[in-house]
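This briefing covers one protein structure. Look at the sequence and the 3D view, then read the points below.

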Amino acid sequence: MILCIDDEVDLLCDLAEELREAGYGVIEASTGAEALDQLEQVQPDLILCDISMPGMDGHELLQAVKAAGGSNSAAPFVFLTALAEREQIIEGKRLGADDYLVKPIDYDLMLATVETRLRQIRLWPRQTAIPLPWAASDRPEALAVLDLLAVGVILTDAARRVHFVNAMARGILQDTGALITEGALSAADDSENRKLGSWLQQIAQEGSDSGASPLALPCPDGARSLSLLGVPFQANGHAARIAIFLGDRQKPPLPRAETLSALYGLTPTEARIALLLASGDKPAAIATALGVSATTVAFHLRNIFEKTGADRQATLVGILFACPAISEASSLPVAEVNRTDRCGTE
């Protein structure tokens, strides 16, 4: 279910129609106050909201939703805006916005964005305690498996001790600078440290039915934030641990070209075009990047659609993001991965 909020009646109708044709349920609201009334009755999977509205604007609505807590506060929040100013984007990111769509709306891009955000939520592990039949320190190869993932993973606990950081997490942290893993786990922004500590304590609490909502930490550059999802688990012989999954909204993990070739029989050129498309490039830009004609790109796209079974660009992008994303570290021997990626002793 998608909650759409926009004070432009015609645009609101168009947004709702496009989403319904794509198979989504839609709830419409023309003001921030009306949206809050709707949120008392329903729990949407995603909120699509205009920024500039009379009365309560989009930023104020986002603040109200986050402050209210509950499941709605964790729903992806995508802004619609005609504002291109950097300050508007930074402010929205700081408040917890997940994405932006610029007016006039590209509906294929909108559907791809919605599908991607909803898929990311479905892929988050359930926040329940996971009993493990062995201690992680007794099976170091199990930790090495985490380095095969193109998803950042940190193993910590309520006391902020860092037990392991996989290769992808190290790359994300180096790029964003939002978290420090040397010594105790801490936020780069001192003002966020208390929030991080409370979040970890909430996850570690035994008997918690709902667990903690995802946490967004601002990056030092002020232009984006790092998403954290914590999942508690038990390892025999050890205190409760917390697995933190990192999400960099600027760089969502995509599969390798080799993976697409193996799964769908794409040629190397087709796989490269598909990945460029999923990265947001338009066909004209892809043609320029590859040094080929637009007709050649169109020919390859037809083959890609046929091989993947996609009926439209948004569906294709969704298929690509659902493919297994394997880290480059998978090419390292297991012993070497284990040696280089442990961040502490048990």
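Val145 lies in helix H6, residues 140-146; helices (H or I, at least four residues) and strands (E, at least two) are DSSP runs, numbered from the N terminus. The model is predicted: local features need pLDDT of at least 70, side-chain atom pairs count only at pLDDT 80 or more, and totals for chains, interfaces and linings use all residues. Residues are numbered from 1 along each chain as its sequence is written, and side-chain values use heavy atoms, with hydrogens and water left out.

**Val145 and the surface**
- Val145 counts as partly exposed because its relative accessibility is 46%; buried means under 20% relative accessible area, exposed over 50%, and partly exposed in between (1.4 Å probe, protein chains only).

**The sheet**
- An open sheet is formed by 5 strands in the order E2-E1-E3-E4-E5, with parallel pairing; two strands pair if DSSP finds at least two bridges between them.
- Strand E2 (26-29) and strand E5 (99-102) are the edge strands, each pairing on one side only.
- From one strand to the next, the twist averages 20°; axes are lines fitted to C-alpha atoms, for helices over the stretch in contact, and angles run from 0 to 180 degrees between N-to-C directions.
- Strand E3 (residues 46-50) and strand E4 (residues 77-81) run parallel and are joined by 4 bridges.
- Asp50 has Leu80 in E4 as its bridge partner.

**Helices on the sheet**
- Helix H1 (residues 9-21) packs on the sheet and touches strand E1 (2-5), E2, E3 and E4; contact means heavy atoms within 4.5 Å.
- The direction of H1 makes about 175° with that of E2.
- Helix H2 (residues 32-39) also packs on the sheet, touching E1, E2 and E3, and its direction makes about 140° with that of E2.
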